[in-house]
Amino acid sequence: MASSRDRQRKLARAKLDRQLARRAAATRRRRQIQAGVGVFLVLALVVAGSAWALGAFDSEPEQKTAAQDTCVWTPQDATANTNLKDVGMPATKDLPTEGTRAMTVTTNQGAPITAELNLANSPCAAASVAHLASRSFYDNTACHEITAEGALRCGDPSGTGLGGPTYSFYDEDVPTAPSASPAPGQPSTYPKGTVAMISNPPGNNGSQFLIFFKDFTTAEPKYPVIGKVTGGLDVVEKIGALPTVDNGTGAQVKPKSDVVIQSLTVGEPVTGAAPSPSSASAPASSPSAG
């Protein structure tokens, strides 16, 4: 009997030892897990702190996107209109859209005529004129009309009213039509000294432009303003007073004496100064490609 009790005690002791061993192993595993989690949290805090110090949590930087086109140039077929002259197209991107550019027109009629092109209101027209000027497009061309509305029409190398470059562009700064009952003292649609594009059909601008030598008001403005004369307006008025003859279509609009643009140049953009006030609209005359 004693040996039986001894055996039971040994079995109970062995069972207890196994239980204690399992508990000790479980405790070790729990401590290892807790230690691992602690190390992970420390590392995470170190990484987060480093990222914060380097500005990773600052506002998201602006995404760089491809430059958007400022202007769109529509190709024109020189085989369909032989009055067109190919001198390439202006750039479409990164064009100035603030400030002004100085345009200087030297003619055979006196001192140079200077104008201010408005880059904010007419960036594409200014870019086109600057491009054409850089290609000597306007040099030694005639101002082929003195319109009934009081403007000098220039910019067509063919002198037909159908000439221009091998591209066109849309209208920009077309004036608002005056009210049916304009208030006394209301400005003209196109004040004297206004520089505007002219094309046929409207909205198909190319190279031709108008310089008004007297005020002109119309109920249907269709000529986009691109700038205003800043000097030599007396020369424009002198040209406007020249007698006119038939231009071959029955219209008495051709200057009897040749009016030749000897050179036309456009300066670099100038920002920081507001453009001189300008209005818009232009005269109706014979057809034009722009």
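Strand E12 is mostly covered, since six of its seven residues are buried (buried means under 20% relative accessible area, with a 1.4 Å probe and protein chains only). The model is predicted: local features need pLDDT of at least 70, side-chain atom pairs count only at pLDDT 80 or more, and totals for chains, interfaces and linings use all residues. Residues are numbered from 1 along each chain as its sequence is written, and side-chain values use heavy atoms, with hydrogens and water left out.

**Overall composition**

- The protein chain contains three helices and 15 strands; these are DSSP runs numbered from the N terminus, with helices (H or I) of at least four residues and strands (E) of at least two.
- Of the 290 residues in the protein chain, 38% are buried.
- Among contacts with a separation of 6 or more, 76% join residues 24 or more positions apart (contact means heavy atoms within 4.5 Å).
- The accessible surface of the protein chain is about 16,000 Å², and 55% of this belongs to carbon and sulfur atoms (areas come from the Shrake-Rupley method with a 1.4 Å probe).

**The sheet**

- Strands of a sheet pair through backbone hydrogen bonds, either parallel or antiparallel.
- Here, nine strands make an open sheet with antiparallel pairing, in the order E5-E15-E3-E4-E12-E10-E11-E7-E6; two strands count as paired if DSSP finds at least two bridges between them.
- Strands E5 (141–142) and E6 (145–146) stand at the edges with a single partner strand each, so one side of each has no neighbour in the sheet.

**Pairs around E12**

- Strand E3 (residues 100–107) and strand E4 (residues 113–118) are antiparallel and share six bridges, with Thr100 opposite Asn118 in E4.
- E4 and E12 also run antiparallel, joined by four bridges; Leu117 stands opposite Gly227 in E12.
- E10 pairs with E12 in the antiparallel sense over three bridges, and Ala196 stands opposite Val225 in E12.

**Pairs around E7**

- E6 and E7 form an antiparallel pair over two bridges, in which Ile146 has Leu152 in E7 as its bridge partner.
- The hairpin of E6 and E7 has four residues between the strands, and Gly150 takes a positive phi near 95 degrees there.
- E7 and E11 pair in the antiparallel sense over four bridges; Ala151 has Phe212 in E11 as its bridge partner.
- Ala151 and Arg153 point one way from E7, while Leu152 and Cys154 point the other way; all are buried.

**Helices and the sheet**

- Helix H3 (residues 233–240) lies across E3, E4, E6, E7, E11 and E12, running at about 100 degrees to E11 (axes are lines fitted to C-alpha atoms, for helices over the stretch in contact, and angles run from 0 to 180 degrees between N-to-C directions).

**Nonpolar cores**

- In soluble globular proteins, nonpolar side chains tend to be buried together.
- The largest nonpolar core has 41 residues, and those with the most contacts inside it are Trp73, Met103, Val129, Val195, Phe209, Leu264 and Val266; a nonpolar core is a set of buried Ala, Val, Leu, Ile, Met, Phe, Trp, Tyr and Cys residues joined through side-chain atoms within 4.5 Å.
- Helix H2 gives the most to this core, with eight residues.
- Not counting residues up to four places away in sequence, Val266 touches Arg101, Ala102, Met103, Leu117, Val129, Ala130 and Ala133.

Note on methods:
Buried < 20%, exposed > 50% of the residue type's maximum accessible area, 1.4 Å probe, protein only.
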